[in-house]
Amino acid sequence: MIAGLLTLAIALVVLAAVAWVSSKATTVKSELQASTNLLPTLKAQVAADDASGAAQTVEALVQHTSAARQAANDPLWKFSAMLPWLGSNFEAATIVATAADDVARLGAIPLVETFQSLDWESLAPGPAGVDLAPIKAAAPRIDAAAHAVRESSKRLAAIDADGLMPQIATPLTEARQQLATLSGELDSAADATSLAPAMLGADGPRRYLLLMQNNAEARATGGIPGALAVLSLDKGHLKLESQTSATALGTFTPPIPIDAEQTAIYSPRVGKFMQDVNLTPDFATTASTAHAMWERSTGEKLDGVLSLDPVALSFILEATGPVTISDTAVHGISSGLPPQLTAQNVVQTLLSDAYAKIKEPKYQDAYFAGAAGEIFGSISTGKADPKKLLTAITKAVDERRVLLWSSSATYQNTIAQYAVGGLISGPAVSPAEFGVYFNDGTGAKMDYWIKRTTQVVKDCTRDGYREVSIRVTSTNQAPADAGTSLPDYVTGGGKFGVPAGTVQTNVVAYGPVFSNIDTVVKDGENIPFAAQRHSDRAVGTSTIRLAPGQSASLDFTFGHIVQHADPKLVVTPTTQRIADVVQAPSPASCE
């Protein structure tokens with residue numbers, strides 16, 4: 001009788017404990033789900049500049065994550081974590097709940113406080129410059145938030161998900177992905193707020209060489225840097241000065257030295273002519289070479305190099321609105337061109353119409369530089385909407401139309417971690433990254449008429465290695481009579497061995513690290529190609545010629561690929577939208 005009662009009592013205690021733990025599990029799940037449901041609201045409030053609403057949402061978020069954390073740290077829950085088989089599930093849930101609360105308390109709260117303290121109007125460039133104090137003040141809080149999220153992400157990544165129940169494993173996987181993405185974004189924000197004040201002249205004047213890339217004559221990073229200027233920044237005040245052209249700098253003899261690999265691929269011209277510094281897609285090489293050329297030519301040692309193209313200028317014009325091109329800005333040479341540049345007409349005006357209306361190349365460069373000066377002037381006078389300007393710059397950076405290099409090794413080490421650095425190796429390069437770059441071989445400005453697409457058309461695995469084919473299709477959409485209807489400066493006039501109206505392009509394809517370039521197929525037939533290496537990446541180069549109306553496709557096949565990440569395509573920015581150039585993968589059969 002006593003034994004029976006004792007057994008019953010133990011059973012009741014166990015059932016009560018199970019019920020208690022079960023109730024805690026329900027609490028953990030429901031509270032974490034409630035906190036997740038608040039995230040879209042928080043994002044919308046931040047996007048709408050609703051600082052007060054965002055603060056209230058974060059307060060509610062913390063209440064939910066705190067309740068989940070408290071439930072997952074209950075003594076009976078912790079005891080359950082020590083049980084065989086099921087214990088790892090309880091432990092994983094505890095880590096997830098703790099990480100969620102840390103992200104809310106140590107990440108979301110300081111970020112929203114920073115958001116509340118920022119006055120977007122004060123961050124807008126104007127005659128007095130940019131007020132950099134709020135950015136400097138925000139840097140420590142953003143860095144602390146980035147650290148908290150980074151550590152939480154590491155804790156989730158360390159959990160052994162093998163053997164976990166699906167109810168735990170699935171949300172764990174989702175949480176890992178979300179935190180990894182958030183961690184990367186916050187690390188970027190922390191680096192930006194740390195570097196930006198100093199690079200914008202908060203601690204003293206900074207001067208940068210500005211390369212204005214002309215996509216009408218393709219170079220690997222965008223276009224020939226025909227127009228140059230010095231961009232001065234002092235306490236956030238922006239000024240464009242010392243405008244000149246690449247041609248005016250002449251030939252550099254002896255050439256600025258570059259490494260042997262790039263010399264073999266792109267020739268010594270990279271270090272010989274400012275117009276060719278970006279034959280290589282590695283912007284660190286381009287910028288350091290241009291920087292050395294400028295110093296040798298002028299005696300000025302600048303703080304870095306900034307590059308942008310007319311498409312990036314079109315994005316900026318969306319933030320500033322139209323700018324008027326004054327005759328004084330371009331020495332009276334703008335007759336017949338639009339009196340105003342807008343986001344809609346700037347690309348066609350700079351890359352096509354200017355050549356039809358302005359006959360002298362030196363005046364074309366002057367017009368290009370003058371137009372850039374007017375656009376930068378509109379920023380410095382405060383015409384730009386600050387949020388739209390930030391969106392424009394972000395979009396241009398994402399499309400690799402804005403590239404940056406610093407002569408400071410400390411700053412450059414940080415820049416090199418991001419796409420804005422334009423490097424072909426290092427932390428900014430995806431594991432399975434493929435590059436497709438274009439260099440004009442016509443010696444003219446015909447690339448305005450070339451439309452291109454790139455696409456992964458084969459992705460196979462054999463004997464543990466991958467084989468990937470990248471198809472590059474180019475079409476010459478110039479008028480049928482381009483050889484006579486377009487100016488010689490645009491067509492080249494046949495001076496470099498390419499018939500007027502025909503476009504010659506050197507197409508350079510990069511595979512991932514340790515891969516090989518196996519074949520190049522043009523329109524279904526194997527063709528000879530140059531096979532080389534750059535920073536352990538396979539490089540294949542082929543040349544195509546297209547008369548008006550002609551198209552050609554090159555399939556670059558890379559083998560011996562050890563990386564198993566999804567392929568990522570990086571291409572030379574052209575006059576087209578990157579989304580139109582980089583097509584969705586359409587792998588062929590691997591049979």
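View 1. A cavity here is a set of points on a 1 Å grid over the protein atoms alone, where a 1.4 Å probe fits but cannot get out; lining residues have an atom within 4 Å of a point. Volume means the space filled by probe spheres set on the points, with grid points joined across faces, edges and corners. Two helices, α11 (346–357) and α12 (361–380), each supply at least two lining residues. Helix α12 gives the most, with 4 residues. Helices are DSSP runs (H or I, at least four residues) and strands likewise (E, at least two), numbered from the N terminus. By class, the lining holds 6 nonpolar, 2 polar and 2 charged residues. Nonpolar covers Ala, Val, Leu, Ile, Met, Phe, Trp, Tyr, Cys and Pro; charged covers Asp, Glu, Lys and Arg; the others, Gly among them, are polar.

The model is predicted: local features need pLDDT of at least 70 and side-chain atom pairs pLDDT 80 or more, while totals for chains, interfaces and linings use all residues. Residues are numbered from 1 along each chain as its sequence is written, and side-chain values use heavy atoms, with hydrogens and water left out.

**View 2. The largest cavity.** Its volume is about 110 Å³. The lining has 13 residues. T221, P281, R400, Y437 and V570 lie nearest the centre. The lining divides into 9 nonpolar, 3 polar and 1 charged residues. The count of cavities of 30 Å³ or more is 4.

**View 3. A cis peptide bond at P254.** The bond from T253 to P254 is cis, with omega near 0°. Most peptide bonds are trans. P254 sits in the loop between α7 (246–249) and α8 (260–266).

**View 4. Positive phi at K235.** Most residues other than glycine have a negative phi. K235 has phi near 55°. This lysine is in the loop between β2 (222–234) and β3 (237–245). K235 counts as exposed because its relative accessibility is 51%. Exposed means over 50% relative accessible area, buried under 20%, and partly exposed in between (1.4 Å probe, protein chains only).

**View 5. Positive phi at D523.** D523 is not a glycine, yet its phi is about 50°. The residue lies in the loop between β12 (516–522) and β13 (525–526). With a relative accessible area of 48%, D523 is partly exposed.

How values were computed. 1 Å grid on protein atoms, 1.4 Å probe; cavity = no way out; pocket = protein on both sides within 12 Å on 5 of 7 lines; lining within 4 Å.
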